[in-house]
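Colleague: Hi! Could you walk me through the charged side chains in this one?

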Amino acid sequence: MHQCVHYLGAVGRGLGQRLIHPVLNWESALARASIIIECGRKSGLGRVRRTLTLARALKLQGIRCDVYVTSHEGSDLIQAMGFTAQPVDQLPDQFDFLVIDTCSFSSDEVSALCARARTSCVIDDLAERPV
């Protein structure tokens, strides 16, 4: 059974706590999170900072976080925050928990990725496409 969490709007402090506890009903069942981040000159590094804030909160809960990026332009910041950036073309076939924070994927691409996940979270701060 798939569960999708669609978060619209700006992401502030405490995101990890809001998503981890009330929405997802964690019981250490999800051992690995796959996080897709768009970063680079065009999109900036805001997505990296807010998504890795979530990754740090997940890590504190004992969840392993694999970070995938659409561009390696933000890799230094990702590494400085304690994670390794992998190219998005190395995504696994299935996900325990998938977080997507990108505006370059189409609605169909996002839906296809979410369908491969047990639980997914789409952060869409522009709210300009259906998910």
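Modeller: Happy to. R64 is partly exposed, with a relative accessible area of 49% (buried means under 20%, exposed over 50%, partly exposed in between, with a 1.4 Å probe and protein chains only). Salt bridges that share partners join R64, R32 and D66 into one network; a salt bridge is a side-chain nitrogen of Lys or Arg within 4 Å of a carboxyl oxygen of Asp or Glu.

Colleague: Nice. What are the N to O distances for D66 with R32 and with R64?

Modeller: D66 to R32 is 2.7 Å, and R64 to D66 is 3.3 Å. D66 is buried at 8%, while R32 is partly exposed at 33%.

Colleague: Before I go on, what kind of model is this?

Modeller: A predicted one: local features need pLDDT of at least 70, side-chain atom pairs count only at pLDDT 80 or more, and totals for chains, interfaces and linings use all residues. Residues are numbered from 1 along each chain as its sequence is written, and side-chain values use heavy atoms, leaving out hydrogens and water.

Colleague: And how confident is the predictor, as mean pLDDT?

Modeller: The chain's mean pLDDT (confidence in each residue, from 0 to 100) is 77, and 72% of residues reach 70 or more.

Colleague: Switching topic: is E38 buried or exposed?

Modeller: E38 is buried yet has no salt bridge, and the nearest side chain of opposite charge, R47, is 4.9 Å away (Lys and Arg count as positive, Asp and Glu as negative; His and chain ends are not counted).

Colleague: Which residue does R47 pair with, then?

Modeller: D101, through a salt bridge of 3.2 Å, N to O. D101 and R47 are both buried.
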